[in-house]
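Please look over the model below before reading on. My comments are numbered.

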Amino acid sequence: SSGINAEWPLRPGYLKKKIKTGAIDVHPTQSAIVVHFEVEATILGEAGDPMLGENKQSQKAITIKNLSPGTDLRKLSEVIVEKCNLIHPSKVPELEQLLYYLQTRKVTVNTETVEQEMERIRQATSQFDDIDEIQEKADLNELESYVDLLYDDMKTKTKGTSLILQLARNPDNLAELIENEMVLGALSRVLREDWKKSIDLCTNIVYIFFCFSSFSEFHSILLQYKIGSSCLQIIENELKRFEYWNDELAKKKKVPTATLR
């Protein structure tokens, strides 16, 4: 008999996904392995021919718990590969080396590079210290309730972004935040829709994504949510506003003022 593709024409809009595995690396701050991969999505037509395609870079963090000096790294590597289909079995030796790095890094303090990045984030966001003293302290366990605030009025949205910013300023929280699609989706949506309505809201969200941008491992996520293009749009608008204010100021200086008698 004929094959399925020849006998069953596909509906327009049929989505075909293909995953291509990529590099593996260690997480900069957490005891975890980061797996990079590419999702190739193709919309097929009635005859099965591709109509539209898109490639997206993504990543998955695999948390490694209870990694001790006595852990059998070869066996652990094989277990990870068996459970995660994003890592090819041929990468077991490479994975074992990465686990060894995590194993030795856990005995010492975090690498100097990570410490420098953490300090850079703290310095860059130091202007928010005074605000933190008078507002409630953020708790990672309350993250879901902070996201709910992003669906309220402008004042409440600003409060929600401020609390999430507090969490993002601590690099230890970044891995959990970046893996939460609900948080990233809500923040990117509010930034697109409301950045013109509140400078405080806009600044909070941009600073949150700035914290993520300090680590190259998170860049693909920023690309996925088109944060770069949103920031460029904001900058372009602010430059136009600056030019407008400058022109208005120049016009006022040229207008002679009346003398009161």
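This is a predicted model: local features need pLDDT of at least 70, side-chain atom pairs count only at pLDDT 80 or more; totals for chains, interfaces and linings use all residues.

1. Helix α9 covers residues 181–194, 14 residues in total. From first to last C-alpha α9 reaches 19 Å, close to the 20 Å expected at 1.5 Å a residue.

2. At the N-terminal end, α9 is capped by Asn 180. A side-chain oxygen of Asn 180 lies 3.1 Å from the backbone nitrogen of Met 182.

3. Which residues of α9 are buried? They are Val 183, Leu 184, Ala 186, Leu 187, Ser 188, Arg 189, Val 190, Leu 191 and Asp 194. Their packing partners are α6 (143–149), α7 (154–168), α8 (174–178), α10 (199–213), α11 (219–224) and α12 (227–254).

4. The structure holds 4 aromatic pairs. One of them joins Phe 209 and Phe 212, with 6.1 Å centre to centre and 55 degrees between the planes, and is tilted. Both residues belong to helix α10, where they sit 3 residues apart, about one turn of the helix.

5. Phe 212 also pairs with Phe 218, in an edge-to-face arrangement: 6.1 Å centre to centre, 85 degrees between the planes. The angle is over 60 degrees, so the pair counts as edge-to-face.

6. Ring pairs link Phe 215 with Phe 209, Phe 212 and Phe 218 into a cluster.

Notes: Residues are numbered from 1 along each chain as its sequence is written. Side-chain values use heavy atoms; hydrogens and water are left out. Helices (H or I, at least four residues) and strands (E, at least two) are DSSP runs, numbered from the N terminus. The expected span of a helix is 1.5 Å times one less than its number of residues. Buried means under 20% relative accessible area, exposed over 50%, partly exposed in between (1.4 Å probe, protein chains only). Contact means heavy atoms within 4.5 Å. A polar contact is a pair of N or O atoms within 3.5 Å; within protein, one must be able to donate a hydrogen and the other to accept it, and residues adjacent in sequence count only if both atoms are side-chain atoms. Rings of Phe, Tyr and Trp (its six-membered ring) pair if their centres lie within 6.5 Å; planes under 30 degrees apart count as stacked, over 60 as edge-to-face and the rest as tilted.
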